[in-house]
Amino acid sequence: MKKNNNAQRIGQLSAIAAMMLAGSVHAADAFSSDSEWMTGDWGGERTKLIEQGIDIKMDYVGEVGGNLHGGYNDDKTARYADQFGLGVALDLQKLWGWDNTQAKIQFTNRNGYNISNDRVGDPRAGTLSSSQEVYGRGHMVRLTQLWIKHQFFDNKLDIKAGYFGEGEDFNTFPCEFQNLAFCGSQVGNWATNIWYNWPVSQAAIRVKYNINDELYAQIGAYNQNPSQLEHGNGFKLSGSGTKGTVLPVELVWSPNPNSLPGEYRVGYYKSTADANDVREDVNGFDAATTGDAYRTHSSKHGYWFVAQQQLTSHNGDKSRGLSIAANATFHDKDTNFIDNYQSVMFVYKGPFDARPKDDVGIGAARIHVNNDVKKNAELLNVTNGVSNYDDATFSPIRETEYNYEINYGFHVTNWLTVRPNLQYITHPGGVDEVDNALVAGLKIQSTF
């Protein structure tokens, strides 16, 4: 009840703020389809603020997921999850004369429920991906960004420090789909309890060096603190609860073949925190059989590859055309639940002359559970004397989950995109006994 009350208060405050802002703008500006903001330019004041170095950020993402067929529970329903964002980007050179220096503060608030947890997936196993990517990390307000960065040596060297997540700079990827397997930094989705994606922030530093106009290398250090995931710790800035440090490195190449943009990323991460083995005990035997504590490793690691390339333009218009994207991540088989993931996506921007800013997308993803995790579950079932999947004490055997999505993004205005989609999930949670599921989705993205 308390969570619902908090969400209601935040919603009321957001609505009041939006009405106040809308009331301060000229009528022609608010809700104008040509404006990049729903509340308009505030009578020109917003542009003046940006020129002075203050760019106010307000946005909203809402996602509906409904189970149309199959899944663990075919009792049809729909769930809604959303996120409000409020922040400000600061150009400190314009504000205070600090050359080549920027800063940002960002707050987020998430609410709602997810169709994947108990309808698509077996609640004992869940799903590996999520049909509503915006769901997760608690119904609470979080400090998501608090950082400052500065460029040195004619912008060759870029240093960023403060509180932020790995996925802002490493293994970055856009979010033009609703299924989590196609949205955002994928390492954070599969590197269990290590890499915290948006909206969670950590004390961090990132150093980037621009080798040339198309190539740069970067390295980072991120505080690994599981207590920051806990409810009520959305504004925690202390280091209490720290387990170690996540150290990512990455090389990024951004070519423009035929004047069409591309981006290719290859990277590696290592966590210095202790990590439990997924199968072996302290003596190297099967922990599920011996009952002894799982073996502890002094670190865990993984690597990734990301490719994005626009392939065509539309009648010479480079803002339209077909693009392809691919993701792959590989993880430590001793300690990580997921050992590998791959996906491929195609997006066509401006498919129709009458709708030049719309887009259509299709994607497929494969998520593979570590074979040692599967074997550990099999041994647990033998040890517990259960073999019937319907037994409440049975540990579901998880192998590979496949996710597919097709969507169409209606660019309703410059500040509103509505993206209906259909998702198909085979072996939800990697569990063969769960029926393949068909999910209808609707994603709403708006900038205030």
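## Nonpolar cores

In this predicted model, the largest nonpolar core has 29 residues. A core here is a set of buried Ala, Val, Leu, Ile, Met, Phe, Trp, Tyr and Cys residues joined through side-chain atoms within 4.5 Å, and buried means under 20% relative accessible area with a 1.4 Å probe, protein chains only. Trp-195, Tyr-269, Trp-304 and Ile-367 have the most contacts inside this core.

Helix H5 (187–190) and strands E12 (300–310), E14 (338–349) and E15 (359–369) each put in at least two residues; E14 gives the largest share, with four. Helices (at least four residues) and strands (at least two) are DSSP runs, numbered from the N terminus. There's also a second, separate core of eight residues, with Ala-377, Phe-394, Val-431 and Val-434 among them.

## Lys-160

Lys-160 sits in strand E5 (residues 157–164). Is this lysine buried or exposed? Lys-160 is buried, at a relative accessible area of 3%.

Its side chain makes a polar contact with the side chain of Asp-169 at 2.9 Å (a donor and an acceptor, N or O, within 3.5 Å; sequence-adjacent residues count only if both atoms are side-chain atoms). Beyond four places in sequence, the residues in contact with Lys-160 (heavy atoms within 4.5 Å) include Trp-147, Glu-168 and Arg-206.

## How to read the numbers

Residues are numbered from 1 along each chain as its sequence is written. Local features need pLDDT of at least 70 and side-chain atom pairs 80 or more, while totals for chains, interfaces and linings use all residues, and side-chain values use heavy atoms, with hydrogens and water left out.

Conventions:
Buried < 20%, exposed > 50% of the residue type's maximum accessible area, 1.4 Å probe, protein only.
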